Amino acid sequence: MIYQQSSAIASGLLDTRASVNVLPYPVGVELGYVWEQQTTALSLTGNLAQYEARVVVLQAVVGQFEPVQLVFAWTQATNVPLILGQVNFFMEFDVCFYRSHLQFEISPKSLASE
């Protein structure tokens, strides 16, 4: 992940039921975000509803693919994984699940869908 001149390497949890991408607080700090400078707030649900969240946008490199712009809810929670959800990870990538093989495959969105 890249924000301005900072970068961080993080593993994410692919969550088909998550409405949004979620960025844990420590990862946002590592990237150089300052909580007080993020002015667009949003409310999370579920077990993250008790934490404040701010909207942040960054460049992400997934595997060997070209960088894409991803929007995250940067939460003050520190004990949450990086979550890749519907907005906007699943809008940028096609994901195929092969449950019988316990595998999944990710590829950039197809050009036909643009």
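Where is the place of Gln4? Gln4 lies in the loop between strand E1 (2-3) and strand E2 (6-7).

This is a predicted model, in which local features need pLDDT of at least 70, side-chain atom pairs count only at pLDDT 80 or more, and totals for chains, interfaces and linings use all residues. Residues are numbered from 1 along each chain as its sequence is written, and side-chain values use heavy atoms, with hydrogens and water left out.

View 1. Gln4 counts as exposed because its relative accessibility is 61% (buried means under 20% relative accessible area, exposed over 50%, partly exposed in between, with a 1.4 Å probe and protein chains only). Leu102 sits in the loop between E9 and strand E10 (103-108). Helices (H or I, at least four residues) and strands (E, at least two) are DSSP runs, numbered from the N terminus. Leu102 has a relative accessible area of 79%, so Leu102 is exposed.

**View 2. The largest nonpolar core, with 23 residues.** A nonpolar core is a set of buried Ala, Val, Leu, Ile, Met, Phe, Trp, Tyr and Cys residues joined through side-chain atoms within 4.5 Å. Met1, Leu23, Leu31, Tyr33, Leu58, Phe72 and Phe89 touch the most other members. Elements giving two or more residues include helix H1 (25-31), strand E6 (53-60) and strand E7 (68-75). E7 gives the most, with four residues.

**View 3. The contacts of Phe72.** Contact means heavy atoms within 4.5 Å. Not counting residues up to four places away in sequence, Phe72 touches several residues, among them Met1, Leu23, Val56, Leu58 and Ile83.

**View 4. Aromatic rings.** A search of the whole structure finds nine aromatic pairs. Rings of Phe, Tyr and Trp (its six-membered ring) pair if their centres lie within 6.5 Å; planes under 30 degrees apart count as stacked, over 60 as edge-to-face and the rest as tilted. Phe97 and Phe104 form a tilted pair, 6.1 Å centre to centre, with 40 degrees between the planes. Phe97 counts as partly exposed because its relative accessibility is 47%. Phe104, at 47%, also counts as partly exposed. Tyr3, Tyr25, Tyr33, Trp35 and Trp74 form one aromatic cluster.

**View 5. The cis peptide bond between Val87 and Asn88.** Omega is about 0 degrees here. Asn88 lies in the loop between E8 and H2.
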